[in-house]
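Good morning, colleagues. Please look at the structure first.

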Amino acid sequence: MEDLTQAPSAASASNARPAIRITLQNGISFVVDAASMPLVIGRSRKCGLCLPFPHVSREHCELVIVGDLVCARDTSTNGTVVDDEVVRGDIVALHKTARLNFAGQVTLIVEPIVRRGPPDEDLRDTVDRRVKANAHIPD
């Protein structure tokens with residue numbers, strides 16, 4: 001099976017698109033394609049990535065693609081730590097692998113990558129409906 005992810009510098013320009021690989025503290029990682037961006041991270045179940053910790057804001061941070069860059073935008077009250085710098089209400093480009101810390105409670109590793117091949121379909125609405133139907137979670 002062909003590897004559809006590679007370092008940004010090695011991508012062919014014709015079918016390359018930015019994406020991110022997120023690694024959780026437990027070592028599980030997953031790729032979020034441009035079709036699923038922006039990715040809202042926070043405590044709310046409505047976020048694309050829910051971090052159920054009491055000091056994490058409901059919508060703490062947003063990962064967005066601006067041009068060919070993956071960026072983190074802080075939307076919290078107290079800021080998001082990107083590597084060792086506190087970002088408050090601002091947007092920063094993630095040029096390399098970065099550590100994002102939320103309220104001192106959880107750290108994610110975010111790595112900008114380039115994906116090749118056809119774009120993934122944005123399945124967030126479908127998955128949300130399926131999860132809610134199976135779990136009987138009210139809106």
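K96 counts as exposed, with a relative accessibility of 52%; here, exposed means over 50% relative accessible area, buried under 20%, and partly exposed in between, with a 1.4 Å probe and protein chains only. This is a predicted model, in which local features need pLDDT of at least 70, side-chain atom pairs count only at pLDDT 80 or more, and totals for chains, interfaces and linings use all residues. Residues are numbered from 1 along each chain as its sequence is written, and side-chain values use heavy atoms, with hydrogens and water left out.

K96 forms a salt bridge with D83, the closest N and O atoms being 3.3 Å apart. The term denotes a side-chain nitrogen of Lys or Arg within 4 Å of a carboxyl oxygen of Asp or Glu. The two residues are 13 apart in the chain: K96 is in the loop between β10 and β11, and D83 in the loop between β8 (80-82) and β9 (85-87). Strands are DSSP runs of E, at least two residues, numbered from the N terminus. D83 is partly exposed, at 32%.

How many salt bridges does a search of the whole structure find? It finds three. One of them joins R73 to E62, with the closest N and O atoms 2.5 Å apart. This pair links strand β7 to strand β6. R73 is partly exposed at 33%, whereas E62 is buried at 16%. Another salt bridge is formed by the side chains of E111 and R21, at 3.3 Å, N to O.

I turn now to D74, in strand β7. D74 is buried yet has no salt bridge; the nearest side chain of opposite charge, R88, is 6.8 Å away, where Lys and Arg count as positive, Asp and Glu as negative, and His and the chain ends are not counted. The side chain of D74 does reach the backbone nitrogen of G89, at 2.8 Å.

Finally, the core. In the largest nonpolar core, of 22 residues, I20, I22, L63, L100 and F102 touch the most other members. Such a core is a set of buried Ala, Val, Leu, Ile, Met, Phe, Trp, Tyr and Cys residues joined through side-chain atoms within 4.5 Å. Strands supplying at least two residues each include β2 (17-23), β6 (61-66) and β12 (106-115). Beyond its neighbours within four places in sequence, I22 is in contact (heavy atoms within 4.5 Å) with residues including L39, L63 and V110. L63, in β6, is also the bridge partner of L39.

Note on methods:
Helix = DSSP H or I, 4+ residues; strand = E, 2+ residues; numbered from the N terminus. Pairing = 2+ DSSP bridges. Polar contact = N/O pair within 3.5 Å; in protein donor to acceptor, adjacent residues only side chain to side chain.
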